Amino acid sequence: QFVYHFDQVHSGFFQRLRHKYPQLTPKDHKLCAYLRMNLSTKDIAPLLNISIRGVEISRYRLRRKMELPKEENLVAFMMNF
């Protein structure tokens, strides 16, 4: 249901994400969506039922899976994706 409503607002986001990065998990997709919504790490933690440190680790792993350079801002990348 979340994916459906999110796709209504940000049309084709998940489809583009799956096409460009097929190795991402459903949890990664959810994190990308929350980053696209410009939520902070503190806001994302309770939504994913993990600690703030867990969100930071997930963001790091997401950057690694997407092969983003360190100077690339992850939130800015998601906003423009």
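1. The model is a predicted one, and the remarks below should be read accordingly.

2. Once neighbours within four places in sequence are set aside, Leu62 is in contact with Leu24, Asp28, Leu31, Cys32, Leu35 and Leu74.

3. The axes of α1 and α2 are 8 Å apart, and the two helices pack at an angle of about 105 degrees. Angles of 65 to 115 degrees count as roughly perpendicular, and α1 and α2 are therefore placed in that class. On the α1 side the contact involves Phe2, Val3, Phe6 and Asp7, and on the α2 side Phe13, Phe14 and Arg18. Sorted by class, the residues of this contact are five nonpolar, no polar and two charged.

4. Helix α2 (residues 13-20) also packs on helix α3 (residues 26-36), at an angle of about 130 degrees and with the axes 11 Å apart. This angle makes α2 oblique to α3. The crossing of α2 past α3 is right-handed. From α2, the contact draws on Phe13, Phe14, Arg16, Leu17 and Arg18; from α3, it draws on His29, Cys32, Ala33 and Arg36. The class count for the contact of α2 with α3 is five nonpolar, one polar and three charged residues.

5. What residues bring α3 and α4 together? Lys30, Leu31, Tyr34 and Leu35 of α3 meet Ile44, Leu47 and Leu48 of α4. The contact of α3 with α4 comprises six nonpolar residues, no polar residue and one charged residue. The axes of these helices come within 11 Å and cross at roughly 145 degrees. The crossing of α3 and α4 is right-handed.

6. Thr41 belongs to helix α4. Is Thr41 buried or exposed? Its relative accessibility is 17%, and residues under 20% are classed as buried, so Thr41 counts as buried. With residues up to four places away in sequence left out, Thr41 touches Ile52, Val55, Glu56 and Arg59.

7. Gly12 and Pro26 are separated by 14 residues in sequence and, from C-alpha to C-alpha, by 16 Å in space.

8. Two residues other than glycine have positive phi values and may be checked together. Asn49, in the loop between α4 and α5, has a phi near 55 degrees. With a relative accessible area of 71%, Asn49 is exposed. Glu67 has a positive phi of about 55 degrees although it is not a glycine, and its place is in the loop between α5 and α6. Glu67 is exposed, its relative accessible area being 70%.

9. Glu72 is likewise found in the loop between α5 and α6. At a relative accessible area of 30%, Glu72 is partly exposed. Not counting residues up to four places away in sequence, Glu72 touches Arg63 and Phe77. Glu72 and Pro22 are 50 residues apart along the chain, and their C-alpha atoms are separated by 20 Å.

Definitions and conventions. Residues are numbered from 1 along each chain as its sequence is written. This is a predicted model: local features need pLDDT of at least 70, side-chain atom pairs count only at pLDDT 80 or more; totals for chains, interfaces and linings use all residues. Side-chain values use heavy atoms; hydrogens and water are left out. Axes are lines fitted to C-alpha atoms, for helices over the stretch in contact, and angles run from 0 to 180 degrees between N-to-C directions. Helices (H or I, at least four residues) and strands (E, at least two) are DSSP runs, numbered from the N terminus. Angles under 35 degrees count as roughly parallel, over 145 as roughly antiparallel, 65 to 115 as roughly perpendicular and the rest as oblique. A crossing is left-handed if the near helix is turned anticlockwise from the far one by less than a right angle, and right-handed if clockwise. Contact means heavy atoms within 4.5 Å. Ala, Val, Leu, Ile, Met, Phe, Trp, Tyr, Cys and Pro count as nonpolar, Asp, Glu, Lys and Arg as charged, and the others, Gly among them, as polar. Buried means under 20% relative accessible area, exposed over 50%, partly exposed in between (1.4 Å probe, protein chains only).
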